[in-house]
Structures are given as C-alpha cells and as structure tokens.
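Please walk through this model from its overall make-up to a few of its parts. The sequence and the coordinates come next.

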Amino acid sequence: MSEVNGPPRVGAGPSRPPRPAGRAAAALTARPQLTLLAALVLTVLAALAGSGVADRLGSGGWEDPDAQSTYATRALEREFPGSQPNLLLLVGSGGASVDDPAVAAEAARLAESLAGEEGVVGVGSYWQSKAPALRAEDGHEALIAARLTGDEKTRSGTLDRIASAYRGTHGPVEVRIGGMVAVQNEMQTIIQEDLTRAELIALPITLVLLVMVFGSAVAALLPLAIGVVAILGTNAILSGLAAFTDVSVFAINLTTALGLGLAVDYALFIVRRFREELAGGADPSTAIATTLRTAGRTVLFSALTVAVSLAAMLVFPQYFLRSFAYAGMAVVLLAAAAALILLPAALALLGHRVNSWDLRGLLRKRRGPSGKAAPGGAAGTGWARTATLVMRRAPFFALGTTAVLVLLGLPFLGVEFGTADDRQLPSSAESHVVQQHIRDGFPGSPGGGLQVLAEGKATEAQYTAYQERVAGLPEVARVDGPLVQGDTAYFTVQPEGEAVGEAAQRLVADLRATEAPFDTKVTGTAAVLVDSRHAIAEQLPWAAAFIVTVTLFLVFLLTGSVLIPLQAVLLNALSLTAMFGAVVWVFQDGHLSGLLGFTSPGSIETTLPVLMFCVAFGLSMDYGVFLLSRIKEEYDHTGDHERAIRLGLQRTGGLITAAAVILAVVMVAIGTSRVTNTKMLGLGIALAVLMDAMVVRSLLVPAIMRLTGRATWWAPAPLRRFHRRFGLSEGEPAPAAGADLRRDTVGARG
C-alpha cells in the first residue's frame with residue numbers, strides 16, 4: 001500500500017544535479033553583450049516585419065466555415081449578389097417624403113453611380129423596387145443596398161475608395177453609410193486607435209508600479225523591455241500568418257495585454273530571485289545559475305501551462321478563436337524565452353547595478369541596500385499572518401470563499417448568446433447609427449431575415465407548394481420569393497420578433513426539417529448563430545479535455561502529487577465564476593452601460609466565453625504555478641506541511657499580487673476600448689486575475705491545502721517513481737538543518 005509522500009531526508013537532497021541550468025547560466029554570462037546584440041537585431045527586424053499588422057488582419061471570423069449557413073451564404077453571393085447586401089446607404093430626405101420627385105431623382109442618380117463602381121454588384125433601392133422593407137415607416141428615410149465583392153481586405157479597400165463620394169449632402173438628400181462592410185471597417189479603425197491609447201495608458205502606469213515593487217528604476221525597466229520584445233515578435237508572427245490564413249484583428253489586443261502582463265510576471269520572479277541571491281552573498285554568475293534553476297524552471301513551467309490553455313482554441317473552426325491561439329501562444333512563449341535568455345544576459349551585465357537608481361530611498365530607510373528588509377522589518381509578515389489565520393480557520397475560509405464565488409457566478413445561468421453586430425461600436429459611430437435607424441424605423445428588420453437556398457431542378461408548382469409549407473410554420477411573418485436562376489433559387493423568410501431571438505433560432509431548425517423536392521440550406525443571422533453555437537458545443541468537450549489533461553500532467557510533474565493537480569484545476573475554474581457572472585450582469589443585462597460607455601445588445605457573442613475562459617484559466621494557472629512551486633520547495637526542505645504553506649504564501653503572495661495588479665492595469669487599459677467585445681475581454685479578465693490572486697491564491701488555496709493535510713502530497717508508488725525520474729521542480733538540493741533554519745529566518749524578514 002502506498003503511503004503519504006514524505007519529504008526528502010534533511011541534507012540528502014535530490015540526486016539529479018541541475019546541470020542544464022548551470023550550463024545555460026554559463027553560456028549566458030560568458031558573452032552577454034553578444035546575446036543582447038543579437039536580440040536587438042532580431043527585435044528591430046520583427047518590428048519592421050510586424051509594422052502595420054492590423055491592416056492585414058480581418059475583423060470577422062465568428063462563423064463556422066464548414067457550416068450549412070456558410071455554404072448557403074457563399075452560394076447566394078455567387079448566384080444572387082443582391083440577396084446578400086453588405087453595404088447600405090441610408091438616404092434621408094429631411095422634411096420631405098422619400099417619394100418626392102427631387103428626392104427620388106437624386107437617389108436614382110446615386111444608385112446608378114454606385115452600380116458603376118468597380119467591385120460593386122447587386123445594387124438595388126427603394127426607388128427601384130418600391131419594397132416596403134426599404135422605406136422607413138415615417139417616410140423620411142429609405143435605403144440603397146449593394147454588395148461589395150472580394151475578401152475582407154478587398155471589400156475594405158473598395159469602401160475606402162468610394163465612401164467619400166457618397167457620404168454627406170447631395171442636393172435634397174443626406175447620405176450615411178452602413179452595412180456589415182462599414183461596420184467591420186469602422187471596427188478595425190477604432191481597434192487600432194484604441195490599442196494605441198491603451199498602450200499609452202498602460203506603459204507609464206506599469207513602470208510606476210514596477211518602481212514601487214522593485215525600488216530600482218533599472219530593475220523596473222527590465223520587464224518592460226521583455227514585454228516589448230514579446231509584443232514586437234508576436235506582431236511579426238501574426239503578420240506572417242496573415243499571408244497564409246485568416247487572422248482576427250482582435251488578437252492584437254491580446255498580444256499587447258499578455259506581452260506586457262506575462263513579461264512583468266516572469267521578470268518579477270526572476271529579478272526578485274536574482275536580487276535575493278545577491279543579497280545572500282552570491283556572485284552574479286552563481287546568482288544567475290541559482291535563479292535559472294529555481295525561478296527559471298517555474299517560469300518555463302508557467303509558460304507551458306498558459307500556452308496549453310490558449311492552444312485549446314485551435315480545436316474550434318472559427319478563425320476568431322484560432323487567431324487568439326496563434327497570438328497567445330506566440331506571445332507567451334516569446335515572453336518566456338526573453339525572460340530566460342535575454343534577462344539573464346542583462347543581469348550578468350548589470351550585476352549589483354540591478355539595484356541602481358533607487359527611487360524609493362525616502363520610503364525605505366529601514367531597508368538595506370539590497371532591497372531586502374533590514375532585521376526587524378515587517379516585509380512579508382503580513383502574508384505569513386494571513387496564511388496562519390486562514391489555516392487556523394480553514395473550514396470557514398474554504399466554505400465562505402467558495403460560497404461567495406458561486407454566488408457571484410449565478411448571473412451566468414441567464415446568459416443569452418448572440419452574434420457580433422454594429423452594437424459593438426460606440427453609439428456615435430456612423431455604421432451603428434445607420435443600423436440603429438433601420439432597427440427602430442424600418443418594418444420587418446431589413447437584412448435580418450433568413451434565406452433558404454434551393455438547389456436542384458424544380459417546377460413552379462413545386463416552388464409554390466414549398467413556399468406554402470414554409471408560410472405555415474410557426475414564427476413565420478412573411479415568405480418572399482422564389483427568385484430563380486437556372487437550377488438554383490432562394491426564398492427569403494422573415495421571422496416574427498428579433499432577427500436572432502429564440503423564435504428565429506427555432507425557425508432555423510424548422511426550416512431545415514421541412515421537406516422539399518430539392519436540396520435546401522438555410523442561412524441568415526439566426527442560422528449563423530445556430531451553427532456557431534453547434535460548432536462550439538461540439539468542440540468544447542475536446543478543448544476542455546485537452547486543457548484539463550495536460551494541466552493535470554504538468555502540475556503533477558511540478559509537484560509529484562495526485563491531489564494538487566486536481567485542486568489546481570478545480571480552484572482555477574472556480575476563480576472564473578465572478579468574471580462570467582459580471583459579464584452577463586454588465587454586458588448582457590446592461591448594468592453600468594452608461595458609466596462604461598457601451599450599448600448592450602442583450603446577448604453575449606457566442607465565442608467570447610470560450611476565449612475568456614481559455615485566457616483567464618491560463619493566467620490563473622500562471623499564478624498557481626508560482627505559489628505551488630514555492631510551497632513545494634519549502635515542503636521538500638522541511639517536511640512541515642503547514643510551515644511550507646505559510647512560507648510559500650509569505651514569499652510569493654506579494655509578488656503574485658503585484659503581478660496581478662499590473663496585469664489588471666494592462667487589461668483595464670485594453671478595456672477602455674470603444675468596441676464592446678474588447679471592453680468585455682479586458683475588464684472581464686482583469687476581474688478574473690484580481691479575484692484569483694487576492695481571493696483564491698490568498699484564501700482558498702491555503703485553506704484547502706490545510707484541510708487536506710499531508711495527504712496533499714500523496715501519490716501511488718508507480719507515480720512517485722515516475723516523478724523522481726521525469727518530474728521538474730523549483731527546489732534546490734536540500735541544505736543542512738542549520739541552513740534550513742537560517743533560510744527560514746531570512747525568509748521571514750522578506
């Protein structure tokens with residue numbers, strides 16, 4: 001029978017010498033100037049390759065490319081361009097009627113001119129068809145509809161070329177431009193502007209916070225340098241990928257957030273450990289070797305766990321999600337590589353000068369020059385007291401914290417999924433204004449209907465019989481068509497109520513189940529939503545299984561325990577409840593919409609919860625690995641379970657909190673975006689990061705580990721042997737008992 005894993009015998013230490021870390025440290029400290037020069041050249045090349053990357057990225061990607069609705073949309077675009085308008089000109093007639101002869105003549109001239117533009121097909125208007133759906137109910141506005149051909153970039157270029165000729169006043173009419181192409185074009189422009197503003201907000205605040213953490217301006221600049229390298233490198237990778245596959249422009253927001261946030265995380269732990277070793281009397285080369293063997297392993301492990309969570313998005317067919325996997329994996333691995341290669345080289349050059357330019361001198365009179373607390377100082381004792389209090393009342397903190405987190409997540413039970421539309425944009429955006437006018441003032445939700453593609457030979461009688469069957473379905477307001485071209489035809493079905501409401505989604509299923517003498521496929525906004533939800537639901541178990549399985553394995557390699565990996569996965573998931581609850585309460589239900597400056601569409605875009613889960617889960621594991629690795633190190637040295645928890649939290653609690661606050665600042669800066677999805681992503685993940693660091697890591701983890709006791713470290717004998725051979729840890733060879741006591745004394749002071 002296996003028994004609870006005991007600590008190594010004091011003084012014995014692990015049998016495996018840390019040779020790879022020693023060799024790496026020797027290589028990095030031998031020629032640090034050459035390492036940094038090569039990195040500078042590569043960074044400059046990356047900056048050139050990635051310049052203007054946003055212009056090469058797309059702004060769609062929410063649909064499943066293999067879905068029935070996608071096939072039908074492409075077929076209709078090819079056979080009936082006018083059936084899928086993506087450009088709308090909202091023509092206002094002022095106080096006159098749209099049927100006024102002067103207004104009608106000018107509108108006809110605009111439609112004729114638009115039809116002659118290169119890259120524009122399927123032009124139609126109210127004045128041509130007299131369709132009631134194209135005329136506002138008050139009679140003062142009407143629509144000209146058209147389709148811009150080509151891919152996203154081509155359509156965007158066409159709109160940029162022709163927009164100025166149509167926007168504005170033309171005799172008796174005023175023209176505003178809307179439609180999906182205009183929405184995407186405006187969204188792309190706003191995202192680029194908002195990202196620049198976010199960087200201008202985040203960088204100086206991050207620098208100030210880093211100075212507060214390190215005291216030294218030199219040490220504070222190192223994480224920012226690592227972040228810049230990671231961001232520029234990832235932009236170059238995204239630019240290269242865009243030449244071969246679709247990449248979403250939204251991904252560059254994640255690049256900036258994770259590039260800065262994770263660079264700060266990794267540099268904090270490496271620089272902090274390096275300064276500790278210097279303060280303990282080590283020379284810079286030895287300090288770097290020890291740092292790479294301890295904090296360096298933790299950084300590598302952390303990067304792998306974050307990358308695993310982000311890689312799970314590759315299983316989904318939507319390129320919106322896949323783009324975040326590309327960007328996230330690249331920036332995480334580049335940040336880790338820069339922290340493990342460039343940072344040690346920089347520290348080798350700086351040596352003790354890493355503590356230079358001390359900007360906190362007046363606030364640190366009782367601290368030594370190393371930055372550690374002088375004897376009798378209180379640094380770290382607050383976290384030790386927190387750990388002691390939590391462990392003393394572990395059942396209360398475990399149950400109470402869990403109950404609060406579950407309560408905060410309850411609003412997510414009422415989530416309604418929808419599609420991204422113009423309401424992602426600020427209310428003043430021209431394309432949003434146009435679409436809002438159409439929603440409020442036009443009958444039948446123009447563009448919001450469902451299209452049924454009919455392929456195969458059929459007679460007029462068969463088409464008529466099918467139309468009658470469709471008209472008899474529940475939730476059908478009107479059926480138009482068919483429009484026939486050869487062996488292909490299509491019907492337009494207007495649902496009752498909202499274009500993407502529950503009734504419209506039920507109607508999609510009913511239409512697909514309706515018998516017909518020809519092959520039918522259904523598309524339209526509601527059909528795209530149904531297919532997107534189906535694709536996500538189909539792949540979600542695989543993504544979750546991948547994240548859980550690999551995370552369990554990696555945490556086992558780190559700790560050698562069976563129970564700790566299970567705790568890590570469950571507590572990480574629990575830490576995300578507040579984020580999901582807040583997303584629904586704020587962005588779906590519209591609370592705080594005035595304060596935060598967005599228009600609530602009444603739903604959450606289908607892919608957003610998946611994206612937010614993968615990102616937030618990975619970041620939670622990032623902090624979890626930092627805490628668990630230090631607890632494991634202390635347990636290996638002492639064999640005292642509660643003491644290991646207390647010292648682990650004491651030595652990492654401040655750093656984890658500082659890293660979380662800095663990452664939250666970056667995410668809040670991203671959350672100042674005027675695009676609702678980006679705002680939701682930034683503010684939601686900022687909340688998740690703070691809840692994880694300040695509630696889960698500080699309260700719930702110590703409480704749960706205290707309740708599970710020494711059984712926390714249990715593993716069956718075969719797994720213990722596997723871990724001894726293949727496992728990784730941050731721990732050093734165990735010192736003698738006297739050294740243990742000296743280490744504990746120093747740790748208690750800082």
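This is a predicted model: local features need pLDDT of at least 70, side-chain atom pairs count only at pLDDT 80 or more; totals for chains, interfaces and linings use all residues.

Residues are numbered from 1 along each chain as its sequence is written, and side-chain values use heavy atoms, with hydrogens and water left out.

The pLDDT is the predictor's confidence in each residue, from 0 to 100. Its mean over the protein chain is 85, with 89% of residues at 70 or more. Helices (H or I, at least four residues) and strands (E, at least two) are DSSP runs numbered from the N terminus. Confidence is highest in helix H13 (residues 394-409), at a mean of 95, and lowest in helix H25 (residues 737-749), at 36. The pLDDT is below 50 over residues 730-750, a stretch with 58 contacts in the model beyond near neighbours in sequence; a contact means heavy atoms within 4.5 Å. Residues 1-19 also stay under 50, and for them the model has 43 contacts beyond four places in sequence.

The protein chain has 25 helices and 11 strands. Of its 750 residues, 55% are buried, where buried means under 20% relative accessible area, exposed over 50%, and partly exposed in between (1.4 Å probe, protein chains only). Among contacts with a separation of 6 or more, 81% are between residues 24 or more positions apart.

Two strands pair if DSSP finds at least two bridges between them. Strand S5 (residues 173-178) is antiparallel to strand S1 (residues 87-92), with five bridges; here Leu90 faces Arg176. S5 also runs antiparallel to strand S4 (residues 168-170), through three bridges, and Gly168 has Val175 as its bridge partner. The hairpin of S4 and S5 has two residues between the strands, and Gly171 takes a positive phi near 60°.

Strand S9 (residues 488-495) likewise has two partners. Strand S7 (residues 450-455) joins S9 by six bridges in the antiparallel sense, with Glu455 opposite Thr488. Strand S8 (residues 476-485) is antiparallel to S9 over seven bridges, and Val479 is bridged to Val493. S8 and S9 form a hairpin with two residues between them, where Gly486 in the turn has a positive phi of about 65°. In a regular strand the side chains alternate between the two faces of the sheet. In S9 both faces are covered: Thr488, Tyr490, Thr492 and Gln494 are buried on one side, and Ala489, Phe491, Val493 and Pro495 on the other.

Among the helices, H10 (residues 284-311) holds Ser309. Ser309 counts as buried because its relative accessibility is 0%. Beyond its neighbours within four places in sequence, Ser309 contacts Ile547, Cys614, Phe617 and Gly618.

The structure holds six cavities of 30 Å³ or more. On a 1 Å grid over the protein atoms alone, a cavity is a set of points where a 1.4 Å probe fits but cannot get out, and lining residues have an atom within 4 Å of a point. Grid points are joined across faces, edges and corners, and a volume is the space filled by probe spheres set on the points. The second largest cavity holds about 70 Å³ of space. Helices H18 (563-575), H21 (608-638) and H23 (676-708) each supply at least two residues of its lining, and H18 gives the largest share, four residues. Ile564, Gly624 and Arg697 are among the lining residues.

Technical notes: On a 1 Å grid over the protein atoms alone, a cavity is a set of points where a 1.4 Å probe fits but cannot get out, and a pocket is an open set with protein on both sides within 12 Å along at least five of seven lines; lining residues have an atom within 4 Å of a point.
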